[in-house]
Amino acid sequence: MGFFDGLRPGRAMDFAAGAAATNAIELTKRHPMVSLTKQGAATGNLRVNLSWQMRTSDLIGKKRGGGGLLRHPFKLFQPEEVQAHTQSMVNVDLDLGCLYELADGTKGVVQPLGNFFGSLNSPPYVKGSGDDRFGSGTGETLYVNLDHRESIKRLLVFVYIYDQTPAFDRTHAKITLYPSNGPRIEIDLDERQPQARSCAVVLLENVKDELLVRREVKFVYGFQAELDRLYGWGLQWGRGYKSKVG
(Lines give C-alpha, C1' and ligand atoms only; values in the text may rest on other atoms or scores of the structure.)
Protein backbone atom coordinates (compact mmCIF):
# COMPACT_ATOMS: atom_id res chain seq x y z
CA MET A 1 0.00 0.00 0.00
CA GLY A 2 1.47 3.36 -1.00
CA PHE A 3 1.74 6.38 1.20
CA PHE A 4 -1.20 8.03 -0.54
CA ASP A 5 -3.41 5.00 -1.14
CA GLY A 6 -5.47 5.95 1.89
CA LEU A 7 -6.66 9.20 0.30
CA ARG A 8 -10.33 9.08 -0.58
CA PRO A 9 -12.50 11.37 -2.69
CA GLY A 10 -13.81 14.20 -0.59
CA ARG A 11 -10.59 14.63 1.37
CA ALA A 12 -9.51 17.67 -0.61
CA MET A 13 -9.24 19.60 2.65
CA ASP A 14 -6.06 17.65 3.36
CA PHE A 15 -4.39 19.67 0.63
CA ALA A 16 -3.28 23.04 1.94
CA ALA A 17 -3.64 26.28 0.04
CA GLY A 18 -1.30 29.24 0.09
CA ALA A 19 -1.89 32.11 2.48
CA ALA A 20 -1.97 35.39 0.57
CA ALA A 21 -0.80 37.46 3.52
CA THR A 22 2.40 35.49 4.07
CA ASN A 23 2.85 33.82 0.67
CA ALA A 24 3.37 30.55 2.55
CA ILE A 25 1.72 27.17 2.87
CA GLU A 26 1.87 25.68 6.36
CA LEU A 27 1.57 21.92 6.44
CA THR A 28 -0.20 20.72 9.57
CA LYS A 29 -1.85 17.56 10.87
CA ARG A 30 -5.18 18.70 9.41
CA HIS A 31 -3.67 19.87 6.12
CA PRO A 32 -0.59 17.69 5.63
CA MET A 33 -0.20 17.69 1.84
CA VAL A 34 0.36 19.91 -1.17
CA SER A 35 0.94 19.16 -4.85
CA LEU A 36 3.92 20.90 -6.39
CA THR A 37 2.59 19.94 -9.80
CA LYS A 38 -0.76 21.65 -9.22
CA GLN A 39 1.08 24.67 -7.80
CA GLY A 40 3.09 24.90 -11.02
CA ALA A 41 6.26 24.40 -8.98
CA ALA A 42 7.51 21.00 -10.19
CA THR A 43 10.51 22.35 -12.12
CA GLY A 44 13.78 24.07 -11.31
CA ASN A 45 15.63 23.78 -8.01
CA LEU A 46 13.65 23.13 -4.86
CA ARG A 47 15.46 24.56 -1.83
CA VAL A 48 14.85 22.82 1.52
CA ASN A 49 16.08 24.81 4.51
CA LEU A 50 16.44 23.86 8.18
CA SER A 51 16.51 26.67 10.71
CA TRP A 52 16.18 26.69 14.48
CA GLN A 53 16.26 28.86 17.57
CA MET A 54 16.91 28.26 21.25
CA ARG A 55 15.42 29.82 24.34
CA THR A 56 18.06 31.84 26.19
CA SER A 57 17.32 29.91 29.38
CA ASP A 58 18.40 26.70 27.66
CA LEU A 59 21.81 28.17 26.94
CA ILE A 60 22.76 29.95 30.15
CA GLY A 61 20.58 28.17 32.70
CA LYS A 62 17.43 29.23 34.47
CA LYS A 63 17.80 32.64 36.05
CA ARG A 64 14.42 32.79 37.67
CA GLY A 65 15.00 30.50 40.60
CA GLY A 66 16.27 31.07 44.14
CA GLY A 67 17.48 34.53 45.13
CA GLY A 68 16.89 35.98 41.70
CA LEU A 69 13.15 35.97 42.21
CA LEU A 70 13.49 37.38 45.72
CA ARG A 71 15.50 40.33 44.43
CA HIS A 72 13.42 40.80 41.26
CA PRO A 73 9.96 39.28 41.89
CA PHE A 74 8.38 40.85 38.78
CA LYS A 75 10.73 38.92 36.49
CA LEU A 76 8.47 35.94 37.05
CA PHE A 77 5.89 37.61 34.83
CA GLN A 78 8.27 38.65 32.06
CA PRO A 79 8.24 36.51 28.89
CA GLU A 80 11.25 34.36 28.13
CA GLU A 81 13.70 35.86 25.68
CA VAL A 82 14.17 34.03 22.42
CA GLN A 83 17.67 34.10 21.03
CA ALA A 84 18.07 33.67 17.30
CA HIS A 85 20.23 31.18 15.47
CA THR A 86 23.64 32.69 16.33
CA GLN A 87 27.26 31.64 16.59
CA SER A 88 27.13 31.42 20.38
CA MET A 89 24.98 28.26 20.16
CA VAL A 90 27.82 25.80 19.77
CA ASN A 91 25.93 23.26 21.89
CA VAL A 92 23.22 22.96 19.21
CA ASP A 93 23.97 20.67 16.31
CA LEU A 94 20.91 19.85 14.23
CA ASP A 95 21.69 18.15 10.93
CA LEU A 96 19.56 18.02 7.81
CA GLY A 97 19.50 14.90 5.65
CA CYS A 98 17.54 13.17 2.92
CA LEU A 99 16.89 9.53 2.11
CA TYR A 100 16.37 9.10 -1.62
CA GLU A 101 14.94 6.42 -3.85
CA LEU A 102 15.22 6.90 -7.60
CA ALA A 103 12.98 5.49 -10.31
CA ASP A 104 15.64 2.94 -11.27
CA GLY A 105 15.71 1.54 -7.73
CA THR A 106 18.88 3.33 -6.57
CA LYS A 107 18.73 4.22 -2.87
CA GLY A 108 20.97 6.23 -0.60
CA VAL A 109 21.34 9.20 1.72
CA VAL A 110 22.47 12.81 1.49
CA GLN A 111 23.72 14.16 4.82
CA PRO A 112 26.71 15.98 6.39
CA LEU A 113 27.71 12.95 8.48
CA GLY A 114 30.05 10.89 6.32
CA ASN A 115 30.31 13.73 3.79
CA PHE A 116 27.48 12.36 1.67
CA PHE A 117 26.69 15.67 0.00
CA GLY A 118 25.10 14.28 -3.17
CA SER A 119 24.95 15.91 -6.59
CA LEU A 120 22.50 18.33 -8.17
CA ASN A 121 23.01 17.66 -11.89
CA SER A 122 23.58 13.90 -11.70
CA PRO A 123 22.00 11.15 -9.57
CA PRO A 124 20.61 11.49 -6.94
CA TYR A 125 19.77 15.09 -8.06
CA VAL A 126 19.91 16.14 -4.39
CA LYS A 127 22.77 18.14 -2.93
CA GLY A 128 23.49 19.32 0.62
CA SER A 129 24.99 22.71 1.43
CA GLY A 130 27.32 21.33 4.11
CA ASP A 131 27.41 21.03 7.88
CA ASP A 132 26.39 24.11 9.89
CA ARG A 133 27.73 23.40 13.38
CA PHE A 134 27.77 26.94 14.72
CA GLY A 135 24.42 28.33 13.70
CA SER A 136 24.88 30.66 10.76
CA GLY A 137 21.92 32.77 9.72
CA THR A 138 21.12 30.48 6.80
CA GLY A 139 21.06 27.16 8.68
CA GLU A 140 21.44 24.01 6.56
CA THR A 141 20.01 23.55 3.08
CA LEU A 142 19.28 20.76 0.61
CA TYR A 143 18.74 21.43 -3.10
CA VAL A 144 16.60 19.16 -5.27
CA ASN A 145 16.78 19.39 -9.07
CA LEU A 146 13.15 18.94 -10.09
CA ASP A 147 14.04 19.16 -13.77
CA HIS A 148 14.93 15.48 -13.25
CA ARG A 149 11.69 14.74 -11.38
CA GLU A 150 10.97 11.73 -13.61
CA SER A 151 14.08 10.08 -12.11
CA ILE A 152 12.95 10.64 -8.52
CA LYS A 153 10.58 8.16 -6.86
CA ARG A 154 10.61 9.50 -3.30
CA LEU A 155 12.66 11.69 -1.00
CA LEU A 156 12.39 11.69 2.79
CA VAL A 157 13.78 14.83 4.42
CA PHE A 158 14.81 14.27 8.03
CA VAL A 159 16.53 16.08 10.89
CA TYR A 160 18.69 14.46 13.53
CA ILE A 161 20.44 15.73 16.63
CA TYR A 162 24.13 14.95 16.84
CA ASP A 163 25.66 13.69 20.12
CA GLN A 164 25.73 15.83 23.27
CA THR A 165 23.11 18.33 22.15
CA PRO A 166 19.69 19.41 23.48
CA ALA A 167 16.49 17.59 22.58
CA PHE A 168 13.93 18.69 20.03
CA ASP A 169 11.61 20.21 22.64
CA ARG A 170 14.31 22.80 23.42
CA THR A 171 14.62 23.96 19.83
CA HIS A 172 12.26 25.86 17.58
CA ALA A 173 13.15 23.94 14.45
CA LYS A 174 11.44 24.57 11.12
CA ILE A 175 11.78 23.09 7.65
CA THR A 176 10.95 25.49 4.81
CA LEU A 177 10.66 24.44 1.18
CA TYR A 178 11.26 27.12 -1.43
CA PRO A 179 9.99 25.99 -4.86
CA SER A 180 11.11 27.76 -8.03
CA ASN A 181 7.58 29.10 -8.36
CA GLY A 182 4.74 29.84 -5.97
CA PRO A 183 4.56 30.06 -2.17
CA ARG A 184 7.06 28.55 0.21
CA ILE A 185 6.03 25.52 2.26
CA GLU A 186 6.62 25.46 6.04
CA ILE A 187 6.67 22.57 8.52
CA ASP A 188 7.23 23.26 12.21
CA LEU A 189 8.81 20.63 14.45
CA ASP A 190 6.71 21.83 17.37
CA GLU A 191 5.60 18.58 18.99
CA ARG A 192 7.06 17.85 22.42
CA GLN A 193 9.35 14.84 22.07
CA PRO A 194 12.11 15.48 24.65
CA GLN A 195 13.93 12.16 24.19
CA ALA A 196 13.75 11.92 20.40
CA ARG A 197 16.99 12.03 18.44
CA SER A 198 15.64 12.09 14.87
CA CYS A 199 12.57 13.24 13.00
CA ALA A 200 11.20 12.35 9.57
CA VAL A 201 9.86 15.75 8.54
CA VAL A 202 8.54 15.70 5.00
CA LEU A 203 8.11 13.18 2.17
CA LEU A 204 8.30 14.19 -1.48
CA GLU A 205 6.88 11.46 -3.70
CA ASN A 206 6.33 11.13 -7.43
CA VAL A 207 2.86 9.58 -7.83
CA LYS A 208 1.64 9.12 -11.40
CA ASP A 209 3.78 12.04 -12.61
CA GLU A 210 2.52 14.29 -9.83
CA LEU A 211 4.97 15.59 -7.22
CA LEU A 212 3.32 15.48 -3.81
CA VAL A 213 4.77 16.96 -0.61
CA ARG A 214 3.47 15.43 2.60
CA ARG A 215 4.12 16.44 6.19
CA GLU A 216 5.37 13.51 8.26
CA VAL A 217 6.86 14.89 11.53
CA LYS A 218 7.48 11.44 12.98
CA PHE A 219 9.96 11.43 15.86
CA VAL A 220 12.10 8.41 16.70
CA TYR A 221 14.50 7.72 19.54
CA GLY A 222 17.26 6.41 17.32
CA PHE A 223 19.01 7.75 14.25
CA GLN A 224 18.95 7.15 10.50
CA ALA A 225 18.69 3.36 10.78
CA GLU A 226 15.43 3.67 12.71
CA LEU A 227 14.01 6.08 10.11
CA ASP A 228 15.11 3.61 7.45
CA ARG A 229 13.17 0.78 9.11
CA LEU A 230 10.12 3.00 9.58
CA TYR A 231 9.93 3.82 5.88
CA GLY A 232 11.36 0.59 4.47
CA TRP A 233 14.45 1.96 2.73
CA GLY A 234 16.62 -1.13 3.36
CA LEU A 235 20.05 0.51 3.59
CA GLN A 236 22.98 -0.74 5.71
CA TRP A 237 24.03 1.67 8.48
CA GLY A 238 27.12 2.01 10.64
CA ARG A 239 28.14 4.35 13.43
CA GLY A 240 29.45 7.67 12.11
CA TYR A 241 31.50 10.42 13.74
CA LYS A 242 32.25 14.00 12.83
CA SER A 243 35.79 15.30 12.52
CA LYS A 244 36.83 17.82 15.12
CA VAL A 245 36.71 21.48 14.18
CA GLY A 246 40.04 23.20 14.55
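Q: Which residues touch the most other members of the largest nonpolar core, and what makes this set a core?
A: In this predicted model, the largest nonpolar core has 42 residues, and Leu36, Val159, Phe168, Ile175, Leu177, Ile187 and Leu189 touch the most other members. The set is called a core because its members are buried nonpolar residues joined through side-chain atoms within 4.5 Å.

Q: Which strands each supply at least two residues of this core?
A: They are strand 3 (45-51), strand 6 (94-102), strand 10 (140-145), strand 11 (152-161), strand 12 (174-178), strand 13 (184-188), strand 14 (198-207) and strand 15 (210-220). A second, separate core of 13 residues includes Phe158, Val220, Tyr231 and Trp233.

Q: What is Leu177 in contact with, leaving aside its neighbours within four places in sequence?
A: Leu177 is in contact with Leu46, Arg47, Val48, Arg184, Ile185, Ile187, Val202 and Val213. Each of these counts as a contact because heavy atoms lie within 4.5 Å.

Q: What makes the charged end of Arg47 count as sitting over the ring of Tyr178?
A: The charged end of Arg47 is 4.0 Å from the centre of the Tyr178 ring, and the distance limit is 6 Å, with a further condition of within 35 degrees of the ring normal. Arg154 likewise lies over the face of Trp233, at 3.7 Å from the ring centre.

Q: How do you know that the buried residues of helix 3 line one face of the helix?
A: The buried residues of helix 3 (residues 224-231) are Gln224, Leu227, Asp228 and Tyr231. Seen down the axis of helix 3, they fall within an arc of 105 degrees, so they line one face. Their cover includes strand 6, strand 11, strand 14 and strand 15. Just after helix 3, Gly232 takes a positive phi of about 65 degrees.

Q: Where is Lys208, and why does it count as buried or exposed?
A: Lys208 is in the loop between strand 14 and strand 15. At 81% relative accessibility, Lys208 counts as exposed, because the limit is over 50%. Although not a glycine, Lys208 has a positive phi of about 55 degrees.

Q: What is the omega of the peptide bond from Pro123 to Pro124, and where does Pro124 lie?
A: Omega is near 15 degrees, and the bond from Pro123 to Pro124 is cis. By contrast, most peptide bonds are trans. Pro124 lies in the loop between strand 8 (118-119) and strand 9 (126-128).

Q: How many helices and strands does the protein hold, and what share of its residues count as buried?
A: The secondary structure comes to 3 helices and 15 strands. Of the 246 residues, 45% count as buried. Among contacts between residues at least 6 apart in sequence, 68% join residues at least 24 apart.

Terms used: Residues numbered from 1 in each chain as written. Predicted model: local features only at pLDDT ≥ 70, side-chain atom pairs only at ≥ 80, totals over all residues. Heavy atoms only, no water. Buried < 20%, exposed > 50% of the residue type's maximum accessible area, 1.4 Å probe, protein only. Helix = DSSP H or I, 4+ residues; strand = E, 2+ residues; numbered from the N terminus. Arc of directions from axis to C-beta.
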